[in-house]
Amino acid sequence: MAASLNRSLAWRAVLGVRGALARAPVTVQPQWHWWPLAQVFSTEVESQEASNATATATTATFDTTSRYKEKPWEYLTSEEYLETYGERPVWANYRRNHKGGIPPQKTRKTCIRGEKICGNPCPICRDQKLGLHHQNVKLLEQFISPYTGEILHPMRTGVCMKQQKKLTGVIGKARDFGLLGSRVPFVDFQEEDYTNSHGAVTKTPPAPALQTGAAWYPWYEWQQPPEQEVALIRKIYRRYLKKEEGPASQTTEGPSG
């Protein structure tokens, strides 16, 4: 009897435990997959490295631009300039965008208006490292004709009017400082053009009036006015005319004695 009672109690305990487990909410343990975390971590690392590289490149570009801004003549001797332009001038093979087949007869006034940049800026505005400075002789020589020494027309170089005006002032300043030469045309003077030994140049003869002793012009001589005009003038200004008096008579007295 006691053994059967113990079995029934044990069975009831087992059933109670099963019921409690059946009524309890089932919690599934998550299975961790480590490969997405590794991928996310690697992506974050790559993005951070890319941002650092971009910041470094931006800093290097800013430093390069600032250095060329202070010393623009160093840019013309750099590898970047040689790769971009080579031995050609900066305005070579430049073509301005325009409507139709006939190009405009003058360049634009300016390429940069505030923060807006036109679609095809001029050779100087498109490269901010080309600083116009009177010591940047290699750049200024590209805009001077090697035959005449004059500044090239903006229609040939494509430079806008704003940069052309600045370029003209900088070239003039460089010539004042002696960094650029001023060409003076050589003229071979011929002596026969400045002598009076040939037949076209003779001694100027005197005027005929000077030979006779008369006045050079007829109105230089005294001309007696008409009597009628003199009488009319006297009648009009008779109140203001003084009476004409002859010369005072001189009496000579002999010595008293």
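Predicted model: local features only at pLDDT ≥ 70, side-chain atom pairs only at ≥ 80, totals over all residues.
Guide: Residues are numbered from 1 along each chain as its sequence is written, and side-chain values use heavy atoms, with hydrogens and water left out.

Visitor: Which residue forms a salt bridge with K129?

Guide: The partner is E80, and the closest N and O atoms are 2.8 Å apart. E80 lies in helix 3 (residues 79-84) and K129 in the loop between strand 2 (116-117) and helix 4 (137-141), so the pair ties together parts that are 49 residues apart in sequence; helices (H or I, at least four residues) and strands (E, at least two) are DSSP runs, numbered from the N terminus.

Visitor: Is K129 buried or exposed?

Guide: Buried means under 20% relative accessible area, exposed over 50%, and partly exposed in between (1.4 Å probe, protein chains only). K129 is buried because its relative accessible area is 16%, whereas E80, at 36%, is partly exposed.

Visitor: How many residues line the largest pocket?

Guide: On a 1 Å grid over the protein atoms alone, a pocket is an open set of points with protein on both sides within 12 Å along at least five of seven lines, a cavity is a set where a 1.4 Å probe fits but cannot get out, and lining residues have an atom within 4 Å of a point. Here 13 residues line the largest pocket, with I124, C125, Q128, Q163 and K166 nearest its centre. Helix 6 (residues 161-176) gives the largest share of that lining, 3 residues.

Visitor: What lies nearest the centre of the second largest pocket?

Guide: Y94, R96, P103, M155 and G158 lie nearest its centre, out of 13 lining residues. The largest cavity is lined by Y94, R96, T107, R108, C122, G158, V159 and C160.

Visitor: Which residues make the nonpolar surface patch?

Guide: Patches are made of residues with over 30% relative accessible area and no salt bridge, like charges being joined within 9 Å and nonpolar side chains (Val, Leu, Ile, Met, Phe, Trp, Tyr) within 5 Å. L232, I233, I236, Y237, Y240 and L241 make the patch, of about 670 Å², with accessible areas taken from the Shrake-Rupley method with a 1.4 Å probe. I233 lies in helix 8 (residues 227-236) and counts as partly exposed, at 47% relative accessibility.

Notes: Salt bridge = Lys/Arg side-chain N within 4 Å of Asp/Glu carboxyl O.
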